[in-house]
Amino acid sequence: MCQSTCKPGIVIVNLAHPNWDYEEKELGQLAEIKVARCRSYDELFSLCRNADILMVGDIKHVPLTRDVLEKLQKLKLISVYGVGIDTIDLDAASELGILVANAPEYGIEDVADHTLALMLSLLRRIPMLDNELRKSGWNSIRVNINDLREKFGAFRRLSSLVIGLTGFGRIGRAVAKRLQPFGCRIIAYDPYVPDHIFQQHQVERSDFENLLACSDIILIHVMLTKETYHLLDEKAFQLMKDGAMLVNTSRGEVVDEEALIKALKSGKLLGAALDVFEKEPLPKDHPLTKMPNVILSPHIAWYSEEAMMEQKRETVLNVKEFLLGRRPPYLVKS
């Protein structure tokens, strides 16, 4: 009599969660679950070759290209622990009959909160002032306003500024909601969002070039696609206001880091706050780590205990519905 060996095989790949109790509780009766850490394709093929379902976390080192998907001949579903699907060849998956689903609704509040925290910290230079006070003492930054301005640039009141949102999806809207009480002018660029959504959130619609030219602080909330790769390039930085600021909590590759560093060094940009980077993990000797007008956090904007459980629920629900013969609720490609 066929027992557990006949169950579909699930492999959880490169997930940085402390345990998989929830996955086991929800899916253990329906499938055999294995956890794998794959830093190379040899490891991926060794551990996942017979998988019916992959539940994937960070697969930047082993993107699921056409060649890879063709070799995973039993694969029927990929469920991503997150929103980003740029590491999966969606066209190839569709042609091979592999469903792809993600977790688009988790962590919205957390990324919005982190974005606002970075923006306010940058605007008020909180980490820079903290560092200077600890290193050099009170008088080094309290002698006179001219010295303060010379070291950190002029401080501006938030209510006097124009905040530009690049991307006005779930997270962009959550950020706009948090910004409303500050009384600043909010504009947004997103060609895929209808006018009534902008009106509903009391945010002005803008084209991209106008947003660059008008914004004092630009917040990035777009997915990484072929269209958004290096959306913020040297030309974009040249179009920005002198002394503008940039906050990125979306994807590192949306910003051309060489162009960003050039803009920061020249003074074109007054500062930047970044949670994501073109290369992750960020090398310890990366130029951004040495720039006093930059705030860094390690791709953690999504995280809270609540968000982690939301992420698990959405990712697991895709798999559970599939195993029960139903359509995964967060399907992005079929």
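Tyr189 comes out as partly exposed because its relative accessible area is 24% (buried means under 20%, exposed over 50%, partly exposed in between, with a 1.4 Å probe and protein chains only). The model shown here is predicted, so local features need pLDDT of at least 70 and side-chain atom pairs count only at pLDDT 80 or more, while totals for chains, interfaces and linings use all residues. Residues are numbered from 1 along each chain as its sequence is written, and side-chain values use heavy atoms, with hydrogens and water left out.

**View A. Tyr106 meets Trp302.** Searching the whole structure turns up five aromatic pairs (rings of Phe, Tyr and Trp, the last by its six-membered ring, with centres within 6.5 Å; planes under 30 degrees apart are stacked, over 60 edge-to-face, the rest tilted). Here the ring centres of Tyr106 and Trp302 sit 6.1 Å apart with planes at 65°, so this pair is edge-to-face. The two partners are 196 residues apart: Tyr106 is in the loop between strand E5 (99-101) and helix H5 (108-123), and Trp302 in the loop between strand E12 (294-296) and helix H14 (305-323). Helices (H or I, at least four residues) and strands (E, at least two) are DSSP runs, numbered from the N terminus. Tyr106 counts as buried, at 12% relative accessibility. Ring pairs also bring in Tyr303, making a cluster with Tyr106 and Trp302.

**View B. Tyr189 pairs with Phe208.** With centres 5.3 Å apart and planes at 40°, these rings are tilted. Tyr189 belongs to strand E7 (residues 185-189) and Phe208 to helix H11 (residues 208-214), 19 residues apart. Phe208 is buried, at 16% relative accessibility.

**View C. Arg125 lies over the face of Phe155.** The distance to the ring centre is 4.6 Å. A charge sits over a ring if NZ of Lys or CZ of Arg is within 6 Å of the ring centre and within 35 degrees of the ring normal.

**View D. Cysteines without disulfides.** Zero disulfides are found in the whole structure (a disulfide is a pair of cysteine sulfur atoms within 2.5 Å). What is the closest cysteine sulfur to that of Cys38? It is the one in Cys48, 4.4 Å away, which is too far for a bond. Cys38 is buried, at 0% relative accessibility. Cys214 is in no disulfide either, and its nearest cysteine sulfur, in Cys184, is 14 Å away.
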